[in-house]
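These are my notebook entries on one structure. I looked up one topic at a time and wrote down what I found.

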Amino acid sequence: MAPINEYDYDLIVIGGGSGGLACAKEAVANGAKVACLDFVKPTPLGTKWGIGGTCVNVGCIPKKLMHQASLLGESVHEAAAYGWEIPNKEAIKPDWEKLVQSVQNHIKSVNWVTRVDLRDKKVEYINGLGFFKDPHTVVAKLKNNTERTITASKIVIAVGGRPRYPDIPGALEYGITSDDLFSLDRAPGKTLVVGAGYIGLECAGFLKGLGYESTVMVRSIVLRGFDQQMANIVADSMVERGIPFLHKTIPKSVEKTEDGRLLVKYVNTETQEEGSDVYDTVLWAIGRKGLVDDLNLDAAGIQVKADKIAVNEAEQTNVPHIYAIGDIIHGRPELTPVAIHAGRLLARRLFGGSKQIMDYTDVATTVFSPLEYACVGMAEEDAIKKYGEDNIEVFHGFYKPTEFFIPQKSVRYCYVKAVAERSGDQKVLGLHYVGPVAGEVIQGFAAAVKSGLTMKILLNTVGIHPTTAEEFTRLSITKRSGMDPTPASCCS
Ligand code: FAD
Ligand code: NA7
């Protein structure tokens with residue numbers, strides 16, 4: 001298909017991450033001529049990476065690999081209880097440099113496959129920082145300080161975000177973020193993780209599992225936006241594993257000590273009590289900022305909302321031929337599959353005649369904390385707010401994973417909860433699970449919830465024994481009943 005009218009391309013995608021790449025490839029598959037720009041600015045520490053965006057390079061993938069490394073350390077010790085003869089168990093320790101090398105090798109291979117895939121699929125990849133010159137013209141600032149100007153009929157902004165730094169002395173000089181952690185050239189040592197969102201909890205969790213002392217500093221609540229009962233269970237399970245939480249605390253400054261470590265001064269915002277401690281690494285996990293600043297959005301007349309881009313239900317900005325997808329859009333979940341799905345659907349609407357819009361409801365997600373948490377649908381407090389306490393039934397139960405018995409792992413925080421309507425067949429509004437392989441457990445249930453799952457159907461589903469996922473089919477106790485939700489038996 002020839003480019004529409006006088007433009008160089010049918011579509012320019014700014015940002016070659018999860019959403020941008022999916023959109024670009026799908027647009028080509030639907031006959032469009034497409035250019036995709038991607039550029040990574042180095043972190044204050046100088047870390048940079050290749051094509052593919054946050055997920056592949058500094059997000060989901062390295063995070064999951066380090067989480068796995070941490071779980072394997074646990075498994076080695078458990079294996080001994082199962083009869084594996086492990087000589088000198090106490091000497092088992094991680095090799096950070098080797099772990100980083102393995103993780104980075106995998107990332108490089110994904111970067112390579114991504115480049116080849118773009119070439120095969122005939123997406124023109126431009127390694128340049130894009131900004132608007134006018135509503136149909138994008139300039140790419142290339143590595144060698146030259147510029148390339150291109151035009152398109154339609155433009156998709158998929159630039160994602162980057163970690164924020166707090167505005168305190170020493171933050172930029174001495175702190176790192178998730179952008180640096182997965183390629184850090186030295187073992188992190190004793191680490192302070194500032195921020196109790198899911199990135200903070202995940203990083204603190206795998207660092208501790210790898211043998212590095214980690215502490216979580218919490219400004220207000222843990223896992224804002226998630227079901228708070230579940231959030232507190234996750235936090236408690238981390239404390240049980242030896243990860244302290246400094247509650248209601250904010251950092252004041254970071255200084256370098258004479259021996260090259262980091263002195264962090266902080267204050268409790270309730271008591272005003274000041275404190276300090278010395279760490280080897282300070283990790284800021286205080287949220288992410290949308291990358292709107294470099295785009296020169298004014299030249300295209302695009303409106304910004306709290307450093308994100310506001311779009312309608314069709315991901316269209318206030319400028320009708322310009323769209324935005326993924327982490328850069330305001331008020332949507334910041335998740336890779338969300339960006340990919342929205343990108344593909346948008347490309348099909350723009351070039352394939354489709355009318356299907358993205359459904360952002362009931363998106364399942366997992367917090368890869370040491371004991372994982374996954375959920376789909378509503379938090380209990382949100383359901384109560386929307387429907388009223390009298391109209392909601394909450395089914396819950398603690399459970400004991402079979403495989404935890406022999407190594408005598410704590411089952412204290414293994415817990416499932418279903419939030420449902422109270423009347424009729426009791427439509428399920430939210431499912432919550434804390435335990436092993438949480439994402440694997442919830443993914444299938446997410447399809448069921450999207451299909452209108454009711455408690456009647458769930459409780460009439462025969463479980464797979466012995467699994468932890470089957471606990472959802474055994475949920476007989478409601479919170480309203482006041483009955484004890486701890487399990488009495490395993491197999492009857
Ligand atoms: P990105 O993937 O961020 O891609 C945007 C790209 O555009 C980047 O390469 C950027 O450098 C580039 N760019 C920016 N500005 C310009 C410009 N002006 N010109 C050219 N290029 C530009 N999600 C999950 O679903 N599961 C997880 O387990 C998970 N774990 C995560 C763990 C961490 C530590 C982090 C940080 C994120 C995690 N996420 C996870 C979130 C996930 O990574 C993002 O939701 C996803 O990457 C968003 O995709 P995107 O396409 O919107 O943006
Ligand atoms: P989140 O989920 O936005 O969490 C940020 C956390 O950092 C949260 O606990 C905040 O506390 C805390 N925070 C924010 N600002 C500060 C300052 N200045 N000082 C101390 N603590 C602070 O961000 P994440 O990085 O975990 O994840 C962002 C998204 O990326 C997430 O949705 C993933 O999908 C990928 P608060 O609750 O605001 O008091």
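**Entry 1: terms and numbering.** I start with a definition: helices (H or I, at least four residues) and strands (E, at least two) are DSSP runs, numbered from the N terminus. This is a predicted model, in which local features need pLDDT of at least 70 and side-chain atom pairs count only at pLDDT 80 or more, while totals for chains, interfaces and linings use all residues. Residues are numbered from 1 along each chain as its sequence is written, and chains are lettered from A and ligands numbered from 1 in the order in which they are written.

**Entry 2: a cis peptide bond.** I looked up P466 and found it in the segment after helix 12 (455–459). The peptide bond from H465 to P466 is cis, and its omega is near -10°.

**Entry 3: domains.** I noted the domain assignment, whose bounds come from an automatic or database source. Domain 1 is made of 9–57 + 100–160 + 291–352, domain 2 is 164–287 and domain 3 is 371–478. Between the C-alpha centres of domain 1 and domain 3 I read 37 Å.

I then turned to UniProt, whose positions are given in the numbering used here, with shortened feature names and annotations that may be inferred rather than shown by experiment. An unreviewed UniProt entry gives "domain: FAD/NAD(P)-binding" for residues 9–343. That stretch is 32% helix and 26% strand, with its end C-alpha atoms 18 Å apart. The unreviewed entry also places "domain: Pyridine nucleotide-disulphide oxidoreductase dimerisation" at residues 363–474. Here the chain is 23% helix and 28% strand, and 24 Å separates the end C-alpha atoms.

**Entry 4: the two ligands.** I counted a residue as near a ligand if its C-beta atom, placed from the backbone, lies within 6 Å of it. Around ligand 1 there are 36 residues, and the closest are G15, G17, G53, G160 and G326. Which helix gives the most to the shell around ligand 1? It is helix 2, with four residues. Helix 1 (18–29), helix 3, strand 4 and helix 9 are also among the elements that each supply at least two.

For classes, Ala, Val, Leu, Ile, Met, Phe, Trp, Tyr, Cys and Pro count as nonpolar, Asp, Glu, Lys and Arg as charged, and the others, Gly among them, as polar. The shell around ligand 1 has 17 nonpolar, 14 polar and five charged residues.

Ligand 2 is surrounded by 19 residues, the closest being G195, G197, I199, S220 and G287. Helix 7 (residues 198–209) contributes the most to this shell, with three residues. By class I found 10 nonpolar, five polar and four charged residues around ligand 2.

**Entry 5: annotated binding sites.** The unreviewed UniProt entry marks K64, G130 and D327 as "binding site". They spread over 264 residues of sequence and are also spread in space, up to 30.1 Å between C-alpha atoms.

A residue is buried if 20 or more other C-beta atoms lie within 10 Å of its own, exposed if 12 or fewer, and partly exposed in between, with C-beta atoms placed from the backbone. K64 lies in helix 3 (residues 60–81) and counts as partly exposed because it has 17 C-beta neighbours inside 10 Å. G130 lies in strand 4 (residues 128–134) and is buried because 26 other C-beta atoms lie within 10 Å. I call two residues in contact if their C-beta atoms, placed from the backbone, lie within 7 Å. Leaving aside neighbours within four places in sequence, G130 is in contact with I14, L37, V138 and A140.

**Entry 6: the core.** A nonpolar core is a set of buried Ala, Val, Leu, Ile, Met, Phe, Trp, Tyr and Cys residues joined through C-beta atoms within 7 Å. The largest one has 139 residues, and V34, V156, I157, V234, V434 and I442 touch the most other members. Helix 9 (residues 336–351) gives the most to this core, with nine residues. Apart from neighbours within four places in sequence, the contacts of I157 include I14, L295 and I328.

L350 is found in helix 9. Is L350 buried or exposed? It is buried, because 23 other C-beta atoms lie within 10 Å. Not counting residues up to four places away in sequence, L350 touches L11, A27 and K154.

**Entry 7: positive phi.** Q272 is not glycine, yet its phi is positive, near 65°. Q272 sits in the loop between strand 13 (262–268) and strand 14 (274–279), and counts as exposed because it has 7 C-beta neighbours inside 10 Å.
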